[in-house]
There are 2 protein chains.
Amino acid sequence: MYSFKEKYGEYLSAFEVRLKRFYEELTCRPQILDDSLKYSLKSGGKRVRPVLMLAAADLVGAQNCGVEDYALALELIHTYSLIHDDLPEMDNDDFRRGRPSNHKMFGAGNAVLAGDGLLNTAYYILFERCADGKLFADAAKFMCGCAGVTGMIAGQSADLYCAEKGIKDGDMLDFIVANKTGKLISAAVAVPAILAGGKNFLELRQFGEDLGRLFQLVDDILDEEGNFEHLGKTSGKDKEENKLTYVTFYGAEQCRVYADIMFDRCLKMLEGIDGDTRFFKDVVSFVRYREG
Amino acid sequence: MYSFKEKYGEYLSAFEVRLKRFYEELTCRPQILDDSLKYSLKSGGKRVRPVLMLAAADLVGAQNCGVEDYALALELIHTYSLIHDDLPEMDNDDFRRGRPSNHKMFGAGNAVLAGDGLLNTAYYILFERCADGKLFADAAKFMCGCAGVTGMIAGQSADLYCAEKGIKDGDMLDFIVANKTGKLISAAVAVPAILAGGKNFLELRQFGEDLGRLFQLVDDILDEEGNFEHLGKTSGKDKEENKLTYVTFYGAEQCRVYADIMFDRCLKMLEGIDGDTRFFKDVVSFVRYREG
């Protein structure tokens with residue numbers, strides 16, 4: 001019998017098998033580079049992106065083409081972005097997932113290099129796959145585009161710019177969220193579609209972008225009302241720092257309405273996809289109604 | 001008639017054609033991301049790595065397989081590493097090539113993102129090439145390995161570690177130079193060998209590593225005696241900051257002897273390679289006897 005929790009656990013376990021092998025195979029010198037890279041990776045989190053990717057691979061029939069490597073690369077990219085985001089010159093966050101952030105543990109210089117190292121290693125893993133043929137290279141290129149200056153980095157840059165200049169603009173807000181949050185989640189669900197030869201690529205990419213927006217809406221609401229225990233990071237910081245977020249722009253009440261709209265849109269998008277989408281429907285609910 | 005200066009100019013022009021196309025095609029939003037990326041790229045420098053790569057492609061017969069893209073990616077990687085290296089938490093350099101360093105112009109947060117963006121874009125360009133087949137993926141993977149945690153980043157991390165702990169150790173010094181400087185220069189000359197199916201790969205890789213050591217020896221000597229005008233960056237800083245370098249470890253006099261030994265070794269290595277190696281011999285002399 002299907003259970004969301006069990007299914008999530010299954011994907012998570014499959015990912016952790018790959019992650020464990022990665023820890024074993026990766027030995028960096030000097031030791032501090034090794035320690036700082038692994039510290040942030042081992043901080044865990046829910047591994048939402050790799051789980052989404054393995055689930056999407058199930059949905060489109062891309063289970064047996066090394067999709068775990070793409071899931072690993074995506075988690076490395078996500079982790080690097082958190083390390084650099086937390087730096088004093090960026091969001092200046094001292095905590096991440098309930099533990100001191102990377103630069104608090106290892107110093108800002110080592111944190112910059114830990115981030116660089118994770119990003120570079122992610123692509124090394126993908127280049128290894130690229131030798132298998134064009135689809136593998138296409139999938140890697142798509143992920144790289146989602147992470148780069150037409151994706152996540154553009155979103156981070158706009159985020160920083162608006163915070164520095166005190167800009168409150170709805171278009172900028174959409175741009176930030178679509179790129180900073182949406183693109184990697186979109187990569188999570190669309191990469192398997194590419195590996196499967198393009199099956200449901202457009203639907204899954206759009207679903208990922210919408211899910212990313214829903215995710216950010218709920219994140220912003222939680223940041224406003226949440227507490228440290230649930231979030232594992234300092235809450236209420238966005239408001240304090242005058243950051244451009246959904247809540248600071250629309251207010252929490254309107255955000256909840258917006259979240260409900262995105263919730264419906266995500267479910268609607270799934271209806272256009274053949275196959276068993278139960279897990280994804282439950283993901284949408286999980287993202288909407290999570291508490292931390 | 002062969003002239004080193006003309007030949008260098010030819011390779012440089014070929015590279016600049018590719019670079020110009022890159023500037024035209026790359027438009028990032030927000031504007032500050034676009035500006036900060038291009039600022040450091042346009043600071044120029046001698047473009048040693050791309051020139052070496054185009055010359056190596058000539059030597060092994062890999063001119064017509066998009067080697068300009070690999071040269072561009074390598075220059076982007078080199079440029080990202082300079083931006084991150086100059087950050088306050090790393091080498092804290094206010095000048096680079098005679099101009100304010102990236103973080104002095106755009107702030108440290110934007111400089112982190114400019115570096116991330118260049119690294120990511122380098123790999124995007126390589127993933128585009130990977131669709132062409134296994135050799136292209138192999139060459140990209142090799143470059144990525146040279147740049148990453150088993151290459152340049154390892155060297156940077158060891159460099160930072162030794163500076164912080166005041167470590168003076170010959171093995172560490174070798175490790176730093178071999179990785180931080182040697183690996184990217186090695187990539188410059190060995191990537192075309194991979195693209196050409198492996199021709200002279202081992203010889204060129206070794207030549208690149210030795211040339212990297214020679215380059216660093218001369219760089220350290222110049223830093224000791226050089227002046228701002230020639231170097232375009234603050235000189236004498238290594239000593240001041242108690243950094244582990246060839247000069248602080250061996251003293252300038254012994255470094256000159258060591259440089260002469262590496263000079264001979266580079267030339268010897270070239271003798272084992274078929275074809276017209278005049279340009280490379282002149283590169284070795286140029287690196288040994290440059291003044292800035």
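Buried area is the accessible area (1.4 Å probe) that two parts lose on being put together, summed over both. Before you select anything, note that this is a predicted model, where local features need pLDDT of at least 70, side-chain atom pairs count only at pLDDT 80 or more, and totals for chains, interfaces and linings use all residues. Residues are numbered from 1 along each chain as its sequence is written, chains are lettered from A in the order in which they are written, and side-chain values use heavy atoms, with hydrogens and water left out.

**Stop 1: both chains**

Colour chain A and chain B separately. The area buried between them is about 4,200 Å², and carbon and sulfur atoms give 72% of that. Contact here means heavy atoms within 4.5 Å; by this rule, 50 residues of chain B are in contact with 50 residues of chain A.

A rotation of 180° with 0.0 Å of shift along its axis does it, with an RMSD of 0.0 Å. The two copies are therefore related as by a two-fold rotation axis. The same surface serves both copies, since 100% of the contact residues of chain B recur in chain A.

**Stop 2: a salt bridge across the interface**

Select B:Lys141 and A:Glu128. They form a salt bridge, with the closest N and O atoms 3.7 Å apart; the rule asks for a side-chain nitrogen of Lys or Arg within 4 Å of a carboxyl oxygen of Asp or Glu. Two salt bridges are found across this interface.

**Stop 3: B:His78**

Move to helix H4 of chain B, where B:His78 lies; helices are DSSP runs (H or I, at least four residues), numbered from the N terminus. Is B:His78 buried or exposed? Its relative accessibility is 10%, so B:His78 counts as buried (buried is under 20% relative accessible area, exposed over 50%, partly exposed in between, with a 1.4 Å probe and protein chains only). Leaving out residues up to four places away in sequence, B:His78 touches B:Arg49, B:Arg97 and B:Leu184. The side chains of B:His78 and B:Arg49 are joined by a polar contact of 3.3 Å. Such a contact is a pair of N or O atoms within 3.5 Å; within protein, one must be able to donate a hydrogen and the other to accept it, and residues adjacent in sequence count only if both atoms are side-chain atoms.

**Stop 4: B:Asp132**

Finally, select B:Asp132 in the loop between H6 and H7 of chain B. At 43% relative accessibility, B:Asp132 counts as partly exposed. Its side chain makes a polar contact of 2.6 Å with the side chain of B:Arg129.

Notes: Helix = DSSP H or I, 4+ residues; strand = E, 2+ residues; numbered from the N terminus. Least-squares fit on C-alpha atoms with pLDDT ≥ 70 in both.
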